[in-house]
Amino acid sequence: MTDHGHSQQEIEQRISDPPGRGVLRDIVYGGIDGSVTTFAIVAGVAGAGLSSFVIVALGLANVLADGFSMAVGNYSGTKAELDNIKRIRAIEKRHIALYPDGERDEVRENLAQKGLSGQVLEDATEAITADRENWINLMIEGEYGLGSVDPHPVKAAMATFLAFLVAGMVPLLPFLLALDNAFTVSVCMTMGVFFAIGALKSRWSLTPWWRSGLETFAIGGAAAMIAYFVGSLFHP
């Protein structure tokens, strides 16, 4: 089975409107951090022997405040990346206006490094430099190593916050529901979330689902053990 179709219409649509990097990184980042940091608070407070009310209060504060902070940070970082691409695009536009021959030579060198030569190289250079946007896009990719699809700061921030919120609430649910042995249930649920996030992440990698799941499981478990140990030092 192929990942996508190869009819002429499908090819034209896919190439003309590439999806970019998407929000996979933001979802994984927010989900792992949300479950790890919230459970670290739960484990630390439980290790200190404090009440469920304190666990819920601190946990909810972390989910909302830290989740919002991460979303804002991701927005700012993605916005800075977008602003940098716009700055470089403006530089290339100015260089093409001031130094067209030099910029044309850069296009020729980019294409030569992709394997073109002879008359084919000259024709391709002429065709690309005949369109200003194609010219700039090629330089953005070839000279600066940046993608031609601009990132989306708001989408990245929303994906991070929602993933953080959903995953971060899991360790708190047993305490919110006042379940018996709430901490034990929280441990099991959170470890399940760690493994599930890692296993889901493997859909976009070559790593087997179980290995990716165990990797995330180990990272989250290590953070939880550290937090629980530190909290136990303050147990009365």
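**Close-up views of a predicted model**

**View 1. The largest nonpolar core.** The largest nonpolar core holds 15 residues, and Phe-39, Val-42, Ile-55, Leu-172 and Phe-175 have the most contacts inside it. A nonpolar core is a set of buried Ala, Val, Leu, Ile, Met, Phe, Trp, Tyr and Cys residues joined through side-chain atoms within 4.5 Å; buried means under 20% relative accessible area, exposed over 50%, and partly exposed in between (1.4 Å probe, protein chains only). Two or more residues each are given to this core by helix H2 (24–47), H3, H9 and helix H10 (209–232). H2 supplies the largest share, five residues. Helices (H or I, at least four residues) are DSSP runs, numbered from the N terminus. This is a predicted model, in which local features need pLDDT of at least 70 and side-chain atom pairs count only at pLDDT 80 or more, while totals for chains, interfaces and linings use all residues. Residues are numbered from 1 along each chain as its sequence is written, and side-chain values use heavy atoms, with hydrogens and water left out.

**View 2. Surroundings of Val-42.** Neighbours within four places in sequence aside, Val-42 is in contact (heavy atoms within 4.5 Å) with Ile-55, Pro-171, Leu-172, Phe-175, Phe-183 and Ser-186. Another core, of twelve residues, lies apart from the largest one and includes Val-107, Ala-124, Ile-128 and Met-139.

**View 3. Packing of H3 against H6.** Helix H3 (residues 52–98) and helix H6 (residues 132–144) pack at an angle of about 120 degrees, their axes 10 Å apart. Axes are lines fitted to C-alpha atoms, for helices over the stretch in contact, and angles run from 0 to 180 degrees between N-to-C directions. H3 and H6 are therefore oblique to each other, the class left over once angles under 35 degrees count as roughly parallel, over 145 as roughly antiparallel and 65 to 115 as roughly perpendicular. On the H3 side the contact includes Ile-88 and Glu-92, and on the H6 side Trp-135 and Met-139 are among the residues met.

**View 4. Trp-135 in H6.** Trp-135 is found in helix H6 and counts as buried because its relative accessibility is 3%. Beyond its neighbours within four places in sequence, its contacts include Ile-96, Pro-100, Arg-104 and Val-107.

**View 5. Met-189 in H9.** Met-189 lies in helix H9 (residues 182–201) and, at 31% relative accessibility, counts as partly exposed. Residues up to four places away in sequence not counted, Met-189 touches Val-170, Leu-173 and Pro-174.
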